[in-house]
Amino acid sequence: MSTITQLKAPADYWETEPHHHPEGASTNIGFWVYLMSDCLMFAVLFATYGVLHGNLAAGPGPKDLFDLELVAINTAMLLFSSITYGFAMLRMARGDQAGTLKWLAITLFFGLCFLAIELYEFAHLIHEGAGPQRSAFLSAFFTLVGTHGLHVTFGSIWLVTLMVQVKKFGLTSANQRRLMCLSLFWHFLDLIWIGVFTVVYLLGVI
Amino acid sequence: MAHSHNHHDAHHDAHHDHGSFKSYMTGFVLAVILTVIPFGIVMGGGFDSRALTIAVVVLCAVAQVLVHMIYFLHMNSSAEEGWTLLSTLFTIVVVVIMLAGSLWVMFHLNTNMMPQMSHELQVMP
(Lines give C-alpha, C1' and ligand atoms only; values in the text may rest on other atoms or scores of the structure.)
Protein backbone atom coordinates (compact mmCIF):
# COMPACT_ATOMS: atom_id res chain seq x y z
CA MET A 1 0.00 0.00 0.00
CA SER A 2 2.68 2.42 0.98
CA THR A 3 4.46 2.04 -2.38
CA ILE A 4 1.35 3.21 -4.23
CA THR A 5 0.99 6.32 -2.13
CA GLN A 6 4.62 7.11 -2.76
CA LEU A 7 4.04 7.38 -6.52
CA LYS A 8 4.41 10.96 -7.52
CA ALA A 9 2.58 13.05 -10.03
CA PRO A 10 4.36 13.98 -13.32
CA ALA A 11 4.62 17.51 -12.07
CA ASP A 12 7.02 16.33 -9.39
CA TYR A 13 9.46 15.13 -12.02
CA TRP A 14 9.20 17.71 -14.75
CA GLU A 15 7.43 20.93 -15.51
CA THR A 16 3.98 20.30 -16.94
CA GLU A 17 3.00 23.92 -17.35
CA PRO A 18 4.46 25.88 -20.29
CA HIS A 19 7.08 28.43 -19.40
CA HIS A 20 6.08 32.01 -19.51
CA HIS A 21 8.47 34.03 -21.62
CA PRO A 22 8.06 37.74 -22.13
CA GLU A 23 7.11 38.51 -25.72
CA GLY A 24 10.14 38.77 -27.95
CA ALA A 25 12.57 37.57 -25.29
CA SER A 26 14.23 35.11 -27.67
CA THR A 27 14.10 37.34 -30.75
CA ASN A 28 17.64 38.64 -30.40
CA ILE A 29 19.30 35.25 -30.19
CA GLY A 30 17.04 33.87 -32.92
CA PHE A 31 17.86 36.72 -35.25
CA TRP A 32 21.53 36.32 -34.46
CA VAL A 33 21.38 32.65 -35.46
CA TYR A 34 19.74 33.72 -38.75
CA LEU A 35 22.59 36.17 -39.35
CA MET A 36 25.13 33.43 -38.71
CA SER A 37 23.39 31.19 -41.27
CA ASP A 38 23.49 34.11 -43.70
CA CYS A 39 27.18 34.41 -42.90
CA LEU A 40 27.68 30.77 -43.88
CA MET A 41 25.93 31.44 -47.19
CA PHE A 42 28.24 34.35 -47.91
CA ALA A 43 31.20 32.17 -46.93
CA VAL A 44 30.17 29.67 -49.61
CA LEU A 45 29.99 32.48 -52.18
CA PHE A 46 33.38 33.79 -51.06
CA ALA A 47 34.86 30.29 -51.40
CA THR A 48 33.34 29.98 -54.88
CA TYR A 49 34.84 33.32 -55.85
CA GLY A 50 38.19 32.33 -54.35
CA VAL A 51 38.24 29.13 -56.37
CA LEU A 52 37.07 30.67 -59.66
CA HIS A 53 38.69 34.12 -59.61
CA GLY A 54 41.54 33.01 -61.84
CA ASN A 55 39.35 31.38 -64.49
CA LEU A 56 39.08 34.30 -66.89
CA ALA A 57 38.31 32.30 -70.07
CA ALA A 58 40.69 34.71 -71.88
CA GLY A 59 38.36 37.52 -70.85
CA PRO A 60 38.98 40.67 -68.84
CA GLY A 61 40.35 40.29 -65.29
CA PRO A 62 39.95 42.32 -62.09
CA LYS A 63 42.72 44.74 -63.07
CA ASP A 64 41.01 45.59 -66.36
CA LEU A 65 37.54 45.99 -64.89
CA PHE A 66 37.50 47.40 -61.38
CA ASP A 67 37.42 51.11 -60.67
CA LEU A 68 38.69 51.49 -57.10
CA GLU A 69 37.53 55.10 -56.76
CA LEU A 70 33.96 53.98 -57.34
CA VAL A 71 34.40 51.18 -54.80
CA ALA A 72 35.85 53.63 -52.27
CA ILE A 73 32.78 55.89 -52.64
CA ASN A 74 30.53 52.85 -52.29
CA THR A 75 32.35 51.75 -49.14
CA ALA A 76 31.97 55.24 -47.69
CA MET A 77 28.22 55.20 -48.41
CA LEU A 78 27.75 51.93 -46.55
CA LEU A 79 29.93 53.05 -43.64
CA PHE A 80 28.00 56.34 -43.34
CA SER A 81 24.72 54.41 -43.38
CA SER A 82 26.03 52.22 -40.55
CA ILE A 83 26.85 55.14 -38.28
CA THR A 84 23.59 56.97 -39.08
CA TYR A 85 21.66 53.80 -38.19
CA GLY A 86 23.59 53.82 -34.92
CA PHE A 87 22.44 57.39 -34.30
CA ALA A 88 18.85 56.32 -35.01
CA MET A 89 19.19 53.59 -32.36
CA LEU A 90 20.52 56.13 -29.85
CA ARG A 91 17.51 58.38 -30.53
CA MET A 92 15.24 55.35 -30.12
CA ALA A 93 16.78 54.56 -26.72
CA ARG A 94 15.89 58.09 -25.67
CA GLY A 95 12.31 57.71 -26.94
CA ASP A 96 12.78 60.43 -29.55
CA GLN A 97 10.48 59.33 -32.37
CA ALA A 98 11.10 62.26 -34.72
CA GLY A 99 14.86 61.95 -34.31
CA THR A 100 14.73 58.20 -34.94
CA LEU A 101 12.77 58.71 -38.14
CA LYS A 102 15.13 61.46 -39.29
CA TRP A 103 18.23 59.30 -38.88
CA LEU A 104 16.48 56.28 -40.43
CA ALA A 105 15.69 58.43 -43.47
CA ILE A 106 19.35 59.48 -43.74
CA THR A 107 20.35 55.81 -43.45
CA LEU A 108 17.95 54.95 -46.25
CA PHE A 109 19.44 57.71 -48.39
CA PHE A 110 22.97 56.32 -48.02
CA GLY A 111 21.71 52.77 -48.60
CA LEU A 112 20.02 53.83 -51.84
CA CYS A 113 23.17 55.71 -52.93
CA PHE A 114 25.13 52.48 -52.41
CA LEU A 115 22.63 50.54 -54.51
CA ALA A 116 22.61 53.17 -57.26
CA ILE A 117 26.42 53.15 -57.52
CA GLU A 118 26.50 49.35 -57.54
CA LEU A 119 23.84 49.15 -60.26
CA TYR A 120 25.80 51.71 -62.28
CA GLU A 121 28.92 49.55 -61.90
CA PHE A 122 27.06 46.40 -62.97
CA ALA A 123 25.48 48.15 -65.95
CA HIS A 124 28.88 49.51 -66.97
CA LEU A 125 30.49 46.04 -66.77
CA ILE A 126 27.70 44.38 -68.74
CA HIS A 127 27.85 47.17 -71.33
CA GLU A 128 31.58 46.51 -71.74
CA GLY A 129 30.82 42.86 -72.47
CA ALA A 130 31.92 41.72 -69.00
CA GLY A 131 28.58 40.28 -67.93
CA PRO A 132 28.12 37.25 -65.69
CA GLN A 133 28.15 34.86 -68.66
CA ARG A 134 31.58 36.02 -69.87
CA SER A 135 33.75 33.86 -67.59
CA ALA A 136 33.68 31.83 -64.38
CA PHE A 137 35.39 34.75 -62.64
CA LEU A 138 32.63 37.16 -63.66
CA SER A 139 29.88 34.65 -62.78
CA ALA A 140 31.31 34.32 -59.29
CA PHE A 141 31.81 38.09 -59.03
CA PHE A 142 28.22 38.93 -59.97
CA THR A 143 26.84 36.21 -57.69
CA LEU A 144 28.81 37.35 -54.64
CA VAL A 145 28.46 41.12 -55.06
CA GLY A 146 24.92 40.78 -56.40
CA THR A 147 23.81 38.72 -53.40
CA HIS A 148 25.17 41.40 -51.09
CA GLY A 149 23.37 44.07 -53.11
CA LEU A 150 20.17 42.05 -52.91
CA HIS A 151 20.52 41.97 -49.13
CA VAL A 152 20.92 45.75 -49.05
CA THR A 153 17.85 46.05 -51.28
CA PHE A 154 15.72 43.98 -48.92
CA GLY A 155 17.21 45.81 -45.94
CA SER A 156 16.09 49.08 -47.52
CA ILE A 157 12.56 47.74 -48.09
CA TRP A 158 12.51 46.59 -44.46
CA LEU A 159 13.74 50.03 -43.40
CA VAL A 160 10.91 51.78 -45.24
CA THR A 161 8.41 49.34 -43.70
CA LEU A 162 9.68 50.09 -40.20
CA MET A 163 9.65 53.83 -40.80
CA VAL A 164 5.97 53.58 -41.71
CA GLN A 165 5.34 51.41 -38.62
CA VAL A 166 7.11 53.84 -36.30
CA LYS A 167 5.31 56.79 -37.87
CA LYS A 168 1.96 55.06 -37.45
CA PHE A 169 2.28 53.28 -34.09
CA GLY A 170 5.17 55.07 -32.41
CA LEU A 171 8.19 53.54 -30.71
CA THR A 172 6.31 50.61 -29.18
CA SER A 173 8.31 47.77 -27.67
CA ALA A 174 7.53 45.63 -30.73
CA ASN A 175 8.80 48.35 -33.06
CA GLN A 176 11.91 48.81 -30.95
CA ARG A 177 12.59 45.10 -31.20
CA ARG A 178 12.17 45.23 -34.98
CA LEU A 179 14.48 48.22 -35.28
CA MET A 180 17.01 46.33 -33.16
CA CYS A 181 16.87 43.35 -35.57
CA LEU A 182 17.27 45.58 -38.62
CA SER A 183 20.17 47.28 -36.86
CA LEU A 184 21.95 43.93 -36.55
CA PHE A 185 21.10 43.11 -40.18
CA TRP A 186 22.34 46.48 -41.45
CA HIS A 187 25.64 46.39 -39.54
CA PHE A 188 26.09 42.77 -40.59
CA LEU A 189 25.82 43.77 -44.27
CA ASP A 190 28.47 46.42 -43.73
CA LEU A 191 30.65 43.72 -42.17
CA ILE A 192 30.19 41.46 -45.21
CA TRP A 193 31.09 44.41 -47.45
CA ILE A 194 34.50 44.60 -45.72
CA GLY A 195 35.12 41.08 -47.00
CA VAL A 196 33.85 42.00 -50.48
CA PHE A 197 35.97 45.11 -50.99
CA THR A 198 39.03 43.40 -49.53
CA VAL A 199 38.84 40.04 -51.27
CA VAL A 200 37.22 41.02 -54.57
CA TYR A 201 38.35 44.56 -55.28
CA LEU A 202 41.57 45.27 -53.38
CA LEU A 203 43.17 41.83 -53.61
CA GLY A 204 41.97 41.60 -57.22
CA VAL A 205 43.81 44.75 -58.21
CA ILE A 206 47.04 44.17 -56.25
CA MET B 1 3.95 61.39 -24.92
CA ALA B 2 1.88 58.32 -25.64
CA HIS B 3 4.78 56.05 -26.36
CA SER B 4 6.87 56.95 -23.35
CA HIS B 5 5.20 54.30 -21.22
CA ASN B 6 5.81 51.62 -23.81
CA HIS B 7 9.35 52.74 -24.15
CA HIS B 8 9.86 52.39 -20.41
CA ASP B 9 8.52 48.84 -20.48
CA ALA B 10 10.66 47.91 -23.44
CA HIS B 11 13.73 49.18 -21.77
CA HIS B 12 13.30 46.65 -19.00
CA ASP B 13 12.56 43.78 -21.40
CA ALA B 14 15.26 44.53 -23.90
CA HIS B 15 18.43 44.23 -21.87
CA HIS B 16 20.28 44.69 -25.11
CA ASP B 17 23.11 47.16 -25.31
CA HIS B 18 22.26 50.07 -27.59
CA GLY B 19 25.76 51.46 -27.29
CA SER B 20 26.55 55.09 -26.69
CA PHE B 21 27.38 58.03 -28.94
CA LYS B 22 30.99 57.71 -27.87
CA SER B 23 31.24 53.99 -28.69
CA TYR B 24 29.59 54.49 -32.11
CA MET B 25 31.97 57.34 -32.94
CA THR B 26 34.99 55.33 -31.75
CA GLY B 27 33.91 52.48 -34.01
CA PHE B 28 33.25 54.81 -36.92
CA VAL B 29 36.62 56.56 -36.69
CA LEU B 30 38.47 53.23 -36.38
CA ALA B 31 36.49 51.80 -39.33
CA VAL B 32 37.31 54.86 -41.48
CA ILE B 33 41.02 54.58 -40.65
CA LEU B 34 41.03 50.85 -41.36
CA THR B 35 39.27 51.49 -44.71
CA VAL B 36 41.44 54.40 -45.81
CA ILE B 37 44.73 52.56 -45.12
CA PRO B 38 44.15 49.59 -47.49
CA PHE B 39 42.50 51.72 -50.20
CA GLY B 40 45.34 54.26 -49.95
CA ILE B 41 48.01 51.60 -50.20
CA VAL B 42 46.43 49.77 -53.15
CA MET B 43 45.42 52.92 -55.07
CA GLY B 44 48.92 54.30 -54.54
CA GLY B 45 50.39 51.27 -56.27
CA GLY B 46 51.14 49.13 -53.22
CA PHE B 47 54.45 48.24 -51.62
CA ASP B 48 57.35 46.77 -53.58
CA SER B 49 56.61 43.41 -52.05
CA ARG B 50 53.26 42.11 -53.28
CA ALA B 51 53.03 39.72 -50.32
CA LEU B 52 53.46 42.61 -47.87
CA THR B 53 50.69 44.60 -49.58
CA ILE B 54 48.34 41.61 -49.38
CA ALA B 55 49.24 41.01 -45.73
CA VAL B 56 48.56 44.63 -44.73
CA VAL B 57 45.25 44.76 -46.63
CA VAL B 58 44.04 41.48 -45.09
CA LEU B 59 45.13 42.52 -41.59
CA CYS B 60 43.22 45.81 -41.93
CA ALA B 61 40.12 43.88 -43.01
CA VAL B 62 40.33 41.49 -40.04
CA ALA B 63 40.81 44.43 -37.66
CA GLN B 64 37.85 46.26 -39.18
CA VAL B 65 35.62 43.19 -38.85
CA LEU B 66 36.50 43.08 -35.15
CA VAL B 67 35.81 46.83 -34.80
CA HIS B 68 32.38 46.37 -36.41
CA MET B 69 31.58 43.41 -34.16
CA ILE B 70 32.47 45.26 -30.98
CA TYR B 71 31.29 48.82 -31.66
CA PHE B 72 28.40 48.36 -34.11
CA LEU B 73 27.04 44.88 -33.34
CA HIS B 74 27.78 45.36 -29.60
CA MET B 75 29.07 41.85 -29.22
CA ASN B 76 30.31 40.74 -25.85
CA SER B 77 30.61 37.49 -23.96
CA SER B 78 27.59 38.17 -21.73
CA ALA B 79 24.91 38.93 -24.37
CA GLU B 80 22.14 36.27 -24.31
CA GLU B 81 24.04 34.33 -21.64
CA GLY B 82 26.96 33.79 -23.99
CA TRP B 83 24.93 32.09 -26.73
CA THR B 84 25.59 34.91 -29.17
CA LEU B 85 29.33 34.54 -28.76
CA LEU B 86 29.15 30.75 -28.86
CA SER B 87 27.13 30.67 -32.10
CA THR B 88 29.50 33.22 -33.61
CA LEU B 89 32.58 31.21 -32.70
CA PHE B 90 30.96 28.08 -34.14
CA THR B 91 30.21 29.96 -37.37
CA ILE B 92 33.75 31.26 -37.60
CA VAL B 93 35.16 27.75 -37.17
CA VAL B 94 32.90 26.37 -39.92
CA VAL B 95 33.70 29.30 -42.22
CA VAL B 96 37.46 28.95 -41.74
CA ILE B 97 37.38 25.18 -42.34
CA MET B 98 35.25 25.60 -45.44
CA LEU B 99 37.17 28.53 -46.95
CA ALA B 100 40.60 27.08 -46.25
CA GLY B 101 39.52 23.60 -47.36
CA SER B 102 37.93 24.77 -50.62
CA LEU B 103 40.85 26.96 -51.61
CA TRP B 104 43.42 24.35 -50.67
CA VAL B 105 41.77 21.45 -52.47
CA MET B 106 40.83 23.43 -55.56
CA PHE B 107 44.27 25.02 -55.81
CA HIS B 108 45.89 21.59 -55.95
CA LEU B 109 43.27 20.39 -58.39
CA ASN B 110 43.99 23.37 -60.65
CA THR B 111 47.71 22.74 -60.41
CA ASN B 112 47.33 19.10 -61.40
CA MET B 113 44.93 19.94 -64.24
CA MET B 114 47.31 22.36 -65.94
CA PRO B 115 47.52 21.57 -69.66
CA GLN B 116 51.31 21.44 -69.63
CA MET B 117 52.17 18.87 -67.04
CA SER B 118 55.83 19.74 -66.91
CA HIS B 119 56.24 17.68 -63.79
CA GLU B 120 55.07 14.51 -65.49
CA LEU B 121 57.05 15.27 -68.60
CA GLN B 122 60.17 15.35 -66.52
CA VAL B 123 59.32 12.07 -64.88
CA MET B 124 58.60 10.34 -68.20
CA PRO B 125 61.54 8.50 -69.79
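UniProt, in an unreviewed entry, lists "transmembrane region" for residues 31-51, 71-88, 100-120, 140-164 and 184-204 of chain A. For chain B, the feature "transmembrane region" is placed by UniProt, again in an unreviewed entry, at residues 24-44, 51-73 and 85-107. The structure described here is a predicted model. In that model, chain A has 8 helices and 0 strands.

**Annotated spans in the model**

- Residues 71-88 of chain A are 100% helix and 0% strand, with 26 Å between the end C-alpha atoms.
- Residues 140-164 of chain A are likewise 100% helix and 0% strand, and their end C-alpha atoms lie 36 Å apart.
- In chain B, the span 24-44 is 95% helix and 0% strand, and its end C-alpha atoms are separated by 30 Å.
- The span 85-107 of chain B is 100% helix and 0% strand, with its end C-alpha atoms 32 Å apart.

**Chain A overall**

- Along the sequence, the elements of chain A read α-α-α-α-α-α-α-α.
- Chain A has 206 residues, and 53% of them count as buried.
- Among contacts in chain A with a separation of 6 or more, 80% join residues 24 or more positions apart.
- The accessible surface of chain A is about 9600 Å², and carbon and sulfur atoms account for 66% of this surface.

**Helix H2 of chain B**

- H2(B) covers residues 21-43, which is 23 residues.
- From first to last C-alpha, H2(B) reaches 32 Å, close to the 33 Å expected at 1.5 Å a residue.
- The buried residues of H2(B) include Ser23(B), Tyr24(B), Gly27(B), Phe28(B), Ala31(B) and Leu34(B).
- Further along, Thr35(B), Pro38(B), Phe39(B), Ile41(B) and Val42(B) are also buried in H2(B).
- An α-helix has 3.6 residues a turn, so residues three or four places apart point the same way.
- The cover over the buried residues of H2(B) comes from both chains: it includes helix H5 (68-93) and helix H8 (173-205) of chain A, and helix H3 (50-72) of chain B.
- Val29(B), Leu30(B), Ile33(B) and Ile37(B) make up a nonpolar surface patch of about 290 Å².
- Val29(B) counts as partly exposed because its relative accessibility is 43%, between the 20% and 50% cut-offs.

- Thr91(B) sits in helix H4 (residues 83-112) of chain B.
- With a relative accessibility of 4%, Thr91(B) counts as buried.
- Setting aside residues up to four places away in sequence, Thr91(B) touches Met36(A), Cys39(A) and Leu40(A).
- Leu40(A) belongs to helix H3 of chain A.
- Leu40(A) is partly exposed, at 30% relative accessibility.
- Beyond its neighbours within four places in sequence, Leu40(A) contacts Thr91(B), Val94(B) and Val95(B).

- Most residues other than glycine have a negative phi.
- Ala57(A) is not a glycine, yet has a positive phi of about 50°.
- Ala57(A) lies in the loop between helix H3 (27-52) and helix H4 (62-65) of chain A.
- Ala57(A) counts as exposed because its relative accessibility is 52%, the cut-off being over 50%.
- His74(B), also not a glycine, has a positive phi of about 50°.
- The position of His74(B) is the loop between H3 and H4 of chain B.
- His74(B) is buried, with 7% relative accessible area.

**Salt bridge**

- Side chains of opposite charge can pair when their charged atoms come close.
- The count over all chains is 1 salt bridge.
- Asp96(A) and Arg91(A) form a salt bridge, with 3.3 Å between the closest N and O atoms.
- Asp96(A) is partly exposed at 24% relative accessibility.
- Arg91(A) is partly exposed too, with a relative accessible area of 22%.

Notes. Residues numbered from 1 in each chain as written. Chains lettered and ligands numbered in written order. Predicted model: local features only at pLDDT ≥ 70, side-chain atom pairs only at ≥ 80, totals over all residues. Heavy atoms only, no water. Helix = DSSP H or I, 4+ residues; strand = E, 2+ residues; numbered from the N terminus. Expected span 1.5 Å × (residues − 1). Buried < 20%, exposed > 50% of the residue type's maximum accessible area, 1.4 Å probe, protein only. Contact = heavy atoms within 4.5 Å. Patch = residues over 30% accessible without salt bridge, like charges linked within 9 Å, V, L, I, M, F, W, Y side chains within 5 Å. Areas by Shrake-Rupley, 256 points an atom, 1.4 Å probe, with all protein chains shown as cover. Salt bridge = Lys/Arg side-chain N within 4 Å of Asp/Glu carboxyl O. UniProt positions renumbered as here; feature names shortened; annotations may be inferred.
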